[in-house]
Amino acid sequence: MKLFEPIKRRAIVWVWKHTPNCADMSRLASRSLEQPLPLRTRFKMRLHYLICVWCKRYFKQLKFLHKAAPQFEDHADTLPDRGLSAEAKQRMVQRLQTAEKKSS
Amino acid sequence: MDTESKPAGGESSLAAAAPPLPTVKLSDPERWVEQHGDYLFRYALSRLRDPARAEDMVQETFLAALKGGESFEGRSAEKSWLVGILKNKLCDYYRKASRETSFTDMEFYSGEESDRFIPDGLFKDGWIHELGPLEWPSDPGASLDSQEFWKTFHDCSSKLPKNVAAVFSLREVDGVESKEICAMLNISENNLWVMLHRALMALRRCLETNWFRNEGG
């Protein structure tokens, strides 16, 4: 197996030199969530994932965030932030009642 | 038989729960504030990070709702109707604010996690192995049912700079089209990409540190 190590290393270096670096890969990952990338770019990204488990993870995690984010609103109800103060509520009701009387 | 008794039971309990119609109309503002005020306020506060402004915006939302009230039917959707009005108000606010001061925040994270990338050599700008993204649990989706997860999500997005967070919320949470966001905030498409990228990067890192690392054990 040791015999193949230099070949493996050369293959990795070749792929590394012919694909975007990891910093660029992370930018492309963000971009790909928003719009389809050119086929050529997508192919290069695939190739990069073959040699880089970190970028592969990164992209998977980003896709997870992208899918999860819209659900945030459904859960905002139980956040620990404070709500309106009693006085603020009182003020609002009063203004609304005045506005209602004016319109009717 | 069961089918006969059910609607009857349902009707009577409905009638008992709902006050006669005219009363409902008069007490609407009070009920709105009581039932939806806190939610709308939290929503506005999370976007604006300014309690006084958030309160104003909730007030405006209720006033607009009062005016448009006749066009609204079906109370089950009342909350989403009010949230819809609030969202429009927020967009108006962003539009106005972006005309006064530039919305672009390029300072934030200008290094883009540069401390996590190899600084030089053959593998320059590759992840430093020990600092690269960790393996998350095989089913991160299970976290989505956890209230604690969403609290962490909220805390992490609160740490983003205000404008970056606004862009993130509009695009990723509300799903507003990017062209629309650019027009609203008066920013170039490229700036939008950069801000979104930085938001995603920071959020991923924060969730990994504060949630998935602990989850994964």
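Predicted model: local features only at pLDDT ≥ 70, side-chain atom pairs only at ≥ 80, totals over all residues.
Among contacts in chain A between residues at least 6 apart in sequence, what percentage join residues at least 24 apart?

**Stop 1: chain A as a whole**

You will find 6 helices and 0 strands, and reading along the sequence gives the pattern α-α-α-α-α-α. The radius of gyration of chain A is 26 Å, well over the 13 Å that the globule rule gives for 104 residues, so chain A is more spread out than a compact globule. Turn the view to line up with the principal axes: the C-alpha atoms fill a box of roughly 85 × 30 × 20 Å. Of the 104 residues in chain A, 19% are buried.

Now back to the opening question. The figure is 69%: that share of the contacts in chain A between residues at least 6 apart in sequence joins residues at least 24 apart.

**Stop 2**

Select A:F4, which sits in the segment before α1 of chain A. Is A:F4 buried or exposed? It has 9 other C-beta atoms within 10 Å, and a residue with 12 or fewer counts as exposed, so A:F4 is exposed. Next, draw a distance from the C-alpha of A:F4 to the C-alpha of A:T19: these two are 15 residues apart in sequence and 23 Å apart in space.

**Stop 3: two helices of chain A side by side**

Select residues 5-18 and 39-51 of chain A, which are helices α1 and α3. Their axes come within 9 Å and cross at roughly 145°. The crossing of α1(A) past α3(A) is left-handed.

Show the side chains where they meet. From α1(A), pick A:I12, A:V15 and A:W16; from α3(A), pick A:L47, A:H48, A:L50 and A:I51. By class, this contact has 6 nonpolar residues, 1 polar and no charged ones.

**Stop 4: where the chains meet**

Bring chain B into view. Here 44 residues of chain B are in contact with 41 residues of chain A. Which helices of chain B each supply at least two residues of the side that touches chain A? Select these:

- α2 (21-48) and α3 (51-68)
- α5 (147-158) and α6 (162-173)
- α8 (189-216)

Of these, α2(B) gives the most to that side, with 10 residues. Colour the side of chain B that touches chain A by class, and its residues divide into 24 nonpolar, 9 polar and 11 charged.

**Stop 5: one helix from each chain**

Select α6 of chain A (residues 86-103) together with α3(B). Their axes come within 10 Å and cross at roughly 30°. An angle under 35 degrees counts as roughly parallel, so that is how α6(A) runs relative to α3(B). The crossing of α6(A) past α3(B) is right-handed.

For the residues making this contact, show A:A88, A:M92, A:R95, A:L96, A:A99 and A:E100 on α6(A).

**Stop 6: a tryptophan in chain B**

Select B:W150, found in helix α5 of chain B. It has 21 other C-beta atoms within 10 Å, and 20 or more counts as buried, so B:W150 is buried. Which residues does B:W150 contact, leaving aside its neighbours within four places in sequence? They are A:F72 and A:H75. Now find B:C206, which is 56 residues from B:W150 in sequence and 13 Å away in space, C-alpha to C-alpha.

**Stop 7: loops of chain B**

Start in the loop between α4 and α5, where you will find B:D125. Most residues other than glycine have a negative phi. Phi of B:D125 is near 65°, a positive value. With 16 C-beta neighbours inside 10 Å, B:D125 counts as partly exposed.

B:D139 also has its place in the loop between α4 (78-100) and α5. It counts as exposed, with 7 C-beta neighbours inside 10 Å. Between the C-alpha atoms of B:D139 and B:L122 there are 35 Å in space, while the two are 17 residues apart in sequence.

Finish at B:N186, in the loop between α7 (178-185) and α8 of chain B. Its phi is near 60°, again a positive value in a residue other than glycine. B:N186 is partly exposed, with 15 other C-beta atoms within 10 Å.

Key. Residues numbered from 1 in each chain as written. Chains lettered and ligands numbered in written order. Contact = placed C-beta atoms within 7 Å. Helix = DSSP H or I, 4+ residues; strand = E, 2+ residues; numbered from the N terminus. Nonpolar A, V, L, I, M, F, W, Y, C, P; charged D, E, K, R; others polar. Rg over C-alpha atoms; globule rule 2.2 N^0.38 Å. Axes fitted to C-alpha atoms, helices over the stretch in contact; angles between N-to-C directions. Parallel < 35°, antiparallel > 145°, perpendicular 65-115°, else oblique. Left-handed = near helix turned anticlockwise from the far one by under 90°.
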